[in-house]
Amino acid sequence: MNVIQNKSFDMERALYGSRDVSVQDCSFDGPADGESAFKECSHVQANHCFFNLRYPFWHDHELEIHDSEMTELCRAALWYSDHITITDTKLHGIKALRECAQVKMKNCDIISPEFGWSVRGIKMEDCTAQSEYFMMRSDHLHFKNVRMKGKYSFQYIEDSVFEHGVFDTKDAFWHAKNIVVRDSIVKGEYLAWYCENVTFERCKIIGTQPLCYCKNLKLIDCEMEGSDFAFERSDVQATVTTPVISIKNPYAGRIVVPAVEEIIRDDENAKGEIVISGQQSEKCKACRCACA
């Protein structure tokens, strides 16, 4: 493997088409302001490098990036690339990862609007992220110990698993399909509307109007906090371990909850069963279930 060490590059396509190269302690920055430093490369290792220019890794195959920094000016850093490993690295430019496949990330810090669109297969562990429209239209995600803050996250994703995460994000998991979220905290408004085959196991769900218009939704021993107008028009099987502010018009299935302040049934098509498992003080509006 060719080793390049302690050098600075700022020209357009500085290392275009490189093969079997290890770049160590290098800087991609300078007055020439060149783009696409590693375009059309394969078998590249970048260790302790600084990236301050646009589009460094496009159409690449087999990348390893370790202990490096991609600044806010390093826009759209990784596109159309595959078999990527990124560890202990800052990704702070917009659209940092898109249209990529087979990605592994660990101990990374992500500050990147529109991160991770249309990615096919990503394992992310022990990372933090700030983003809007995070991971949109991606599939086969496996996240573990990820802390994320933003808006409109995980929309249109499919076939994914999330474990031991903390997600503070508005409008998360809209139109998601075939998803499992385990042992996680999910905070935000309007969680997982229009989703299909989504399961939350031992999660804490915080926020208004969650889980509406869902198909084959499951909650297994979950907590809910600040949740009102929950499960509207959803097909749901749920076991909730904490009181809920209000449940509105579940269309099908069964919801078991220790207490609910208000059950709203003003849609004749809403046939979902609500079972109150504990003591409660409730008021019902047009309620046709066995509350007492």
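Buried means under 20% relative accessible area, exposed means over 50%, and partly exposed covers the range in between, for a 1.4 Å probe and with protein chains only. The structure shown is a predicted model, in which local features need pLDDT of at least 70 and side-chain atom pairs count only at pLDDT 80 or more, while totals for chains, interfaces and linings use all residues. Residues are numbered from 1 along each chain as its sequence is written, and side-chain values use heavy atoms, with hydrogens and water left out.

**Figure 1. Overall view of the protein.** The protein contains 0 helices and 32 strands; helices (H or I, at least four residues) and strands (E, at least two) are DSSP runs, numbered from the N terminus. Its C-alpha trace spans about 75 × 30 × 25 Å along the principal axes. Of the 292 residues, 49% count as buried.

**Figure 2. The largest nonpolar core and phenylalanine 200.** A nonpolar core is a set of buried Ala, Val, Leu, Ile, Met, Phe, Trp, Tyr and Cys residues joined through side-chain atoms within 4.5 Å. The largest such core has 79 residues, and those with the most contacts inside it are Leu78, Met105, Phe173, Phe200, Leu211, Leu219 and Phe231. Strand S26 (residues 217-225) supplies the largest share of this core, 4 residues. In soluble globular proteins, nonpolar side chains tend to be buried together. With neighbours within four places in sequence left aside, Phe200 is in contact with Val181, Val186, Leu191, Ala192, Ile205, Leu211, Leu217, Lys218, Leu219, Ile220 and Cys222.

Figure 3. Cysteine 41 counts as buried because its relative accessibility is 2%. The sulfur of cysteine 108 is 4.6 Å from that of cysteine 127, the closest cysteine sulfur, and this distance is likewise too far for a bond. Cysteine 108 is also buried, its relative accessible area being 3%.

Figure 4. Aspartate 25 has a phi of about 55 degrees and is found in the loop between strand S3 (19-24) and strand S4 (27-28). With 32% relative accessibility, aspartate 25 counts as partly exposed. Aspartate 171 has a phi near 55 degrees and is found in the loop between strand S21 (166-170) and strand S22 (177-182). Aspartate 171 is buried, with a relative accessible area of 11%.

**Figure 5. Surroundings of glutamate 196.** Glutamate 196 lies in strand S24 (residues 196-201) and is partly exposed at 29% relative accessibility. The C-alpha atoms of glutamate 196 and lysine 177 are 4.8 Å apart, although the two residues are 19 residues apart in sequence. Beyond neighbours within four places in sequence, glutamate 196 is in contact with Ala176, Lys177, Asn178 and Lys215.

**Figure 6. Surroundings of tyrosine 190.** Tyrosine 190 is placed in the loop between strand S23 (185-187) and S24. Its relative accessible area is 25%, so tyrosine 190 is partly exposed. Leaving aside neighbours within four places in sequence, tyrosine 190 is in contact with Lys170, Asp171, Ala172, Trp174, Thr208 and Gln209. Histidine 92 is 98 residues away from tyrosine 190 along the chain, and their C-alpha atoms are separated by 28 Å.

**Figure 7. Surroundings of alanine 270.** Alanine 270 lies in the loop between strand S30 (260-264) and strand S31 (273-276). This alanine is buried, with a relative accessible area of 4%. Not counting residues up to four places away in sequence, alanine 270 touches Asn249, Pro250, Tyr251 and Arg265. Alanine 270 and lysine 170 are 100 residues apart in sequence, and the distance between their C-alpha atoms is 26 Å.

Key
Contact means heavy atoms within 4.5 Å. A disulfide is a pair of cysteine sulfur atoms within 2.5 Å.
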